[in-house]
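Please keep the sequence and the structure in view while reading.

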Amino acid sequence: MNFLSVILFSLSLSVCLAKQLPKHEDKCHNLLGDELIAEILSYEKVKDEILNYVLQGDFKGQTYDQLAKFVDKFGARPSGSEVLERSIDYMIELTREEDINDIVTEELEVPHWVRGEEKITMLEPRVKDISLLGLGRSASTPPEGITAEVIVFENYDQLDKALDEDVRGKIVLYDPIFTTYSETNQYRTQGATKAAAKGAVASLVRSIAPFSINSPHTGSQTYGDEANKIPTAAITLEDADLIRRMYDRGENIVLNIKMSSTLDTKVSRNTIIDLKGSVHPEKLVIVSGHIDSWDVGQGAMDDGGGLFISWAAPVILKRLNLIPKRTVRSIFWTAEELGLVGAYAYEEAHRNESHNINFIMESDEGTFAPLGLIVAGTDKARCIVAEVLKLFESINASTLIEDDSPGSDISVIIKTGIPGASLHNENEKYFWFHHTEGDTMNVESPEELDLGAAFWTAVAYIIADISVDIPR
Ligand SMILES: [Zn+2]
């Protein structure tokens with residue numbers, strides 16, 4: 001991580017943290033009233049029961065063990081692949097073994113992009129192999145590849161100001177400084193389209209990561225409707241730095257890029273598992289993670305961890321015979337990585353019953369030690385969640401961060417006005433491994449997964465059981 005990234009990262013983190021709720025304690029007290037606050041506090045005992053069962057009892061180590069079995073058996077589970085469908089069948093079977101049988105799958109069409117051979121060779125100023133990963137949906141090069149000079153931009157401002165004739169026929173390299181993922185990934189998602197508009201023949205992006213051991217990070221990108229579909233790939237931080245140094249010295253850099261891939265569509269499934277509520281079965285508290293992954297690595301972290309703590313929630317509640325008033329629904333989204341495809345299909349298919357979604361949760365930014373929740377909703381909704389989170393001080397998971405668009409898949413549902421939250425966790429190293437060959441079980445920890453599963457389950461239970469709906 002370079003020095004400037006550290007400063008920018010810390011700055012953005014402290015801005016986030018400054019938005020925590022405790023300051024608004026008085027406001028929350030007025031909005032909720034003594035009775036509701038006392039009611040939420042009364043869940044202390046059931047929260048302890050869940051935490052004890054997962055952290056010291058029979059469920060200890062189970063989330064990690066089950067995740068490891070799953071990841072070791074299936075490995076990567078890219079959108080549209082047969083292995084993804086088999087992994088969905090496996091999760092259904094695993095859930096049935098827990099005697100949870102309210103399971104449905106909903107079919108949808110998903111992109112099926114298959115990476116072929118990829119190679120970049122630097123030809124000038126010296127011969128060197130450049131590690132790369134093509135970006136999702138990237139077009140192929142001709143068999144002999146594309147050989148062209150490189151032009152480097154740190155941001156879109158510089159690209160916009162460049163003359164078309166200086167970009168035409170070249171390979172654009174975007175070399176942005178990593179600030180936050182959501183801010184920096186525009187150079188991956190839109191880079192090819194913007195470079196093509198200026199006449200570039202291919203585009204490369206510095207991997208969207210704050211740290212690297214020479215690993216390229218793939219990810220999604222889409223071509224604009226009008227765009228000339230030029231091949232596009234991510235290269236490592238090390239190679240991006242090398243090329244930039246050469247470029248700044250005025251050296252002429254020539255690359256040969258060879259990439260091949262295929263793109264079609266296949267049918268996949270969202271998986272929906274219900275632990276039916278005892279009083280209001282039609283009302284839903286949703287926990288979720290996505291079951292698909294990139295084709296590189298094993299998808300253990302992204303999003304095996306989120307998948308398994310969301311699988312664990314109804315399982316743990318069922319085993320403890322804790323049936324809340326509302327239904328706890330666990331969703332395993334499909335085809336998240338190629339553009340939240342499963343989430344969009346779910347939102348459309350369930351629009352007429354969206355009034356029944358009381359609260360929606362997702363874990364897709366790592367399952368390291370939980371710290372709390374990143375919450376979207378009205379002031380009163382946030383105050384209720386803040387009060388629930390106070391119950392988790394013993395495991396240091398009481399922080400509430402406000403964000404109007406938390407999560408990835410659930411952002412599709414939240415933008416329709418439904419309150420929800422993503423897991424806030426100690427994920428400072430998440431983007432070190434994200435979308436790389438390094439996303440393996442070695443990133444996961446049994447203790448942290450236990451904490452995550454216990455927290456996730458207890459929060460879902462309390463919100464599904466309290467006397468009030470989460471207001472909109
Ligand atoms: Zn993910």
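The model described here is predicted. The points below treat its domains, an annotated span and a group of paired strands.

**Domains**
- The chain is divided into domain 1, made up of residues 19–102 and 276–465, and domain 2, made up of residues 116–264.
- Taken over C-alpha atoms, the centres of these two domains are separated by 35 Å.
- Contact between the domains involves 12 residues of domain 1 and 12 residues of domain 2.
- On the side of domain 1 that touches domain 2, five residues are nonpolar, five are polar and two are charged.

**Annotated span**
- An unreviewed UniProt entry lists residues 162–242 as "domain: PA".
- In the model, residues 162–242 are 31% helix and 16% strand.

**Paired strands**
- Strand β1 covers residues 103–124 and strand β8 covers residues 254–275; the two pair in the antiparallel sense over 19 bridges.
- Within this pairing, Val-110 has Lys-266 of β8 as its bridge partner.
- Strand β1 also pairs with strand β2, residues 128–130, in the antiparallel sense over three bridges.
- Here Thr-121 has Asp-129 of β2 as its bridge partner.
- Strands β1 and β2 form a hairpin, with three residues between them.
- As a general point, side chains in a regular strand alternate between the two faces of the sheet.

Notes. Residues are numbered from 1 along each chain as its sequence is written. This is a predicted model: local features need pLDDT of at least 70, side-chain atom pairs count only at pLDDT 80 or more; totals for chains, interfaces and linings use all residues. UniProt positions are given in the numbering used here, feature names are shortened, and annotations may be inferred rather than shown by experiment. Helices (H or I, at least four residues) and strands (E, at least two) are DSSP runs, numbered from the N terminus. Two strands pair if DSSP finds at least two bridges between them. Domain bounds come from an automatic or database domain assignment. Two residues are in contact if their C-beta atoms, placed from the backbone, lie within 7 Å. Ala, Val, Leu, Ile, Met, Phe, Trp, Tyr, Cys and Pro count as nonpolar, Asp, Glu, Lys and Arg as charged, and the others, Gly among them, as polar.
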